Amino acid sequence: MEIKQIKAITTTLEIVCGKWKAIILLVLVGKTLRFSEIKASLPNVNHQTLIKQLKELERDGLIERTSYPEVPPRVEYTLTEYGAELESLLNDMMIWGGKHMEVQEEAENKELSTL
């Protein structure tokens, strides 16, 4: 593997693999959501962490934040075209993770049955 390829993979991991970033991106596929709707989709995420991850995704050009001058304020998030290019990668990660969970569960069950 060449240095350029290693740097490309590292860059992808740095941008997409914040603790909640990949999940936020998946939640936004094909949707425009308000902050509260994203938060409701991710009940285990800390409020400040979600804000930080959204700001980083916006900074990296993967999501777009639209603020409406209303009372109360309304802010919506959507994937940019650039961010939408990650959909297949994110789906592949989700599929592989599901398979890995099954493999782990089978190994645990096998281990328990030998006790």
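Buried, as used here, means under 20% relative accessible area, exposed means over 50%, and partly exposed lies in between, with a 1.4 Å probe and protein chains only as cover.

## Basis and confidence

This is a predicted model, in which local features need a pLDDT of at least 70 and side-chain atom pairs count only at pLDDT 80 or more, whereas totals for chains, interfaces and linings use all residues. Residues are numbered from 1 along each chain as its sequence is written, and side-chain values use heavy atoms, with hydrogens and water left out.

The mean pLDDT (the predictor's confidence in each residue, from 0 to 100) of the protein chain is 92, and 99% of its residues reach 70 or more. Among the elements, which are DSSP runs numbered from the N terminus (helices are H or I, at least four residues; strands are E, at least two), confidence is lowest in helix 1, at a mean of 88, and highest in strand 1 (residues 32-34), at 97. Where pLDDT is low, predicted coordinates should not be read in detail.

Met1, Ile6, Ile9 and Leu13 form a nonpolar surface patch with about 430 Å² of accessible area together. Such patches join residues that have over 30% relative accessible area and no salt bridge, within 9 Å for like charges and within 5 Å for nonpolar side chains (Val, Leu, Ile, Met, Phe, Trp, Tyr); the areas come from the Shrake-Rupley method with a 1.4 Å probe, and for residues only the protein chains shown count as cover. Leucine 13, which lies in helix 1 (residues 3-16), is partly exposed, with a relative accessible area of 47%.

Helix 2 (residues 21-28) is mostly covered, since 6 of its 8 residues are buried, namely Lys21, Ala22, Ile24, Leu25, Val27 and Leu28. Just after this helix, glycine 30 takes a positive phi of about 70°.

Lysine 21 is buried, with a relative accessible area of 3%, and its side chain meets that of glutamate 56 in a salt bridge (2.8 Å, N to O). This pair links distant parts of the chain, with lysine 21 in helix 2 and glutamate 56 in helix 4 (residues 47-59), 35 residues apart. Glutamate 56 also counts as buried, at 14% relative accessibility, and a network of salt bridges links Lys21, Lys52 and Glu56.

## Other salt bridges

A search of the whole structure finds 5 salt bridges, each being a side-chain nitrogen of Lys or Arg within 4 Å of a carboxyl oxygen of Asp or Glu. One of them joins aspartate 60 to arginine 59, with the closest N and O atoms 3.2 Å apart; arginine 59 counts as exposed, at 61% relative accessibility. Another joins glutamate 76 to arginine 74, with the closest N and O atoms 3.0 Å apart, and glutamate 76 is buried, with a relative accessible area of 16%.

An open sheet is formed by 3 strands in the order 1-3-2, with antiparallel pairing, where two strands pair if DSSP finds at least two bridges between them. Strand 1 and strand 2 (63-68) are the edge strands, each pairing on one side only.

Strand 2 and strand 3 (residues 74-79) pair in the antiparallel sense over 6 bridges and form a hairpin with 5 residues between them. Within this pairing, tyrosine 68 stands opposite arginine 74 in strand 3, while the bridge partner of glutamate 64 in strand 3 is threonine 78.
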